[in-house]
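Q: Could you walk me through this one, starting with whatever I need to know to read the answers?

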Amino acid sequence: MNHSLTASPVVASSDLEGRYLTFTLGGDNYAIPVMNVREIIHMCPITPVRRMPDYVKGVINLRGSVIVVIDLRLKFAMSPTDYNERTCIIVVHVRGAGGERDTLMGAIVDTVEEVVMLSDGDIGPTPDFGVPHDTQYMLGVSTVNGSVKTLLDIERIFREEGVVELIAADPNIANLT
Amino acid sequence: MNKLTIQNRIILTMSLVVILTISISAYALRSVFVLNKSVADVAENTVPSLKVLYDIKSDAQAEIGSLALSATGISPEARQKLLTENASASADIEVNLKKYDALVSDEEDRRLFSEIERLNKALVASVSKSQATIASDQSGDYLRAITQEIVPISESLVAATEADIAHNIKLSTKSSAEAKASADSANFYLPFGVALTILVVIGMAVWLIRSTNGALGMISTNLGEGARQTASAAGQVASSSHALSQGAADQASAVEETSASLEEISTMIRSTADNARKAKDLAGEARAVADEGTQTMSDMNEAMSAIDASSAEVAKIVKNIDEIAFQTNILALNAAVEAARAGQAGAGFAVVADEVRSLAQRSAAAAKETAEKIDAAISNSRRGSACTAMVGESLNKISARIAATDQLVGDIAAAASEQALGISQISIAINQMDSISQANSATAQQSAAAAEQLDAQAGVMHELVRRLDALLGRNSDEASERYGHSAQRSGKVASRAVIRAPQMAILRKPHAARPAAASDAIPMPADEMTDGFRSFSA
């Protein structure tokens, strides 16, 4: 949709410096690059979609566009919690598998915090947990203001799990789109 | 026989004696009567009869003589004289016949007398006829008349008179025999009857004396024993009276002490009742205060609730503010996102967005702070409510406790009044006991007097026994000794009892028993009795 966005190199693998949107999930702080964010909305009614993994909560209608929403808590195998007025949906746009098509998707987080400017110095490498799989969504770790923030690769989360493909293949969602 | 009274025994004896005496007297009287009758017969009938008859006989013989003489050849003058004498004799005979007519004894006598009369009449008739003959013929006829008619008649008259004389003599003999028989029989039976009477009288007297003496002796013995026992009982009664009097005195002092103690107890109970009443009043006041506190608590609760409600309102408003701040924040974030995407061109916008976001955050922080304050206020208010509830509960408990205390104090007051009632009843009982002990004291005095009287009675009884024994001729010295001992003792007892009397009088209150007189205890007609006895023994 947004041509300029798809064209611009938002996330450079080597250069992580830039603005990040921070949010919380179960007490932990996370950050995603602001270039991936389309907008932030309040929690709104979600239409469930069948035969989807449990972390795929369904679809919402965002100003005429049907977008798939996933629950990051469930995605990260955290215990589910009730949604409240602080619960937000971060709408991100994800490039398609081939990179030719952008898709808007919603991620449910406990709450959003702020937009911060992180320099290279603020960002540390991903700690080695010994298990590669656990760190595949992590871009790095920031320790600004004393708190540890995990920098997430949100596109990877959606894409590598095949969510985008799933959604693309789903006739229900396709029809909705 | 033993069932007969002494009176009856005496009457029986006397009756027997009287009957026997009357019998003997009757018999003697009858004998005397028979004798008298015989003698009277002889004296009044037989003897005059004989005299009359002898007169008649002599007259008749004289007539025979004169008639015979007249028949002889004598002169007419002499003859006339003889006839005159004859006529006089005949008149005598008539007179004597008339006399004898009253003296006729029996049928035989009557028959014989009739014969005499008939012969006399025949003689008179013959003489009259011969007198005529004399006048007419002086010779043969007259003589023949004399010899053949008059003299035989005269002789028959004499014979008849003699027969009657014999009959009268026989009657006299018969009377004499009767008198003799009567006298003999009296002579024989009277001594026997008298002896029998004497024997019977002696026997009856012996029986009477023996039986009466036996019974009276037994009575005397029993009376003596009774007197002794009475004296002993009098001693015991006197001793009991003494003990009773002592007991009454002790009881009176105990009653006095009890009465004093009761007074103290009564005072204490009254003060307890007063205190209980005061405590009840205080409990009532405390209860009212506690109720007021409870009321105030509920008011306070309402105020707390109002605070709570307004706090909740404020909290809602604050929440709205917070929400607005949050949405503003999100808007700012979106703006920041847009600005970031706009790159260098959005730098200014980013600053504005940042400012807005910072304002939103400040507003959120303020809201949060306010919310915290409100929360604190709410929680304080709730704590206050809880405290109020607890205080209210405590007040309720206090109220309940006070009510219980009130109840208990009421119970105490009721118990105290009941105790006071009980004490007053005990007081009444004590007063009654007092009266009873006084009555006992009086009774003891009376009893002592009665013992004295009893002792005197025993003395009198002993005196009676002694006199009875004297009458019976018995020796009562032993009994006298016994009685003397007991009398001495009882005398001592009586004096002791009399000494106790004034002490008891001290115990007695004016309204109590009247003074006991000995005569009230036992009415004793002692003088009457002794007088009666004296008259009896006299």
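A: Two residues count as in contact if their C-beta atoms, placed from the backbone, lie within 7 Å. This is a predicted model, in which local features need pLDDT of at least 70 and side-chain atom pairs count only at pLDDT 80 or more, while totals for chains, interfaces and linings use all residues. Residues are numbered from 1 along each chain as its sequence is written, and chains are lettered from A and ligands numbered from 1 in the order in which they are written.

Q: OK, how many residues of chain A are in contact with chain B?

A: On chain A there are 14, and they are in contact with ten residues of chain B. The elements of chain A that each give two or more residues to that side are β1 (18–25), β3 (37–42) and β8 (111–118), where strands are DSSP runs (E, at least two residues) numbered from the N terminus.

Q: Switching topic, which strands form the open sheet, and in what order?

A: Five strands of chain A form it in the order β3-β6-β7-β5-β4, with mixed pairing; two strands pair if DSSP finds at least two bridges between them. The edge strands are β3 and β4 (56–62) of chain A, each of which pairs on one side only.

Q: And how do β6 and β7 run?

A: In chain A, β6 (residues 88–95) and β7 (residues 102–109) run antiparallel and are joined by eight bridges. In β7(A), Thr103(A) is the bridge partner of Val94(A).

Q: What is Val109(A) in contact with?

A: Leaving aside neighbours within four places in sequence, Val109(A) is in contact with Phe23(A), Thr24(A), Leu25(A), Leu72(A), Cys88(A) and Ile90(A).

Methods. Helices (H or I, at least four residues) and strands (E, at least two) are DSSP runs, numbered from the N terminus.
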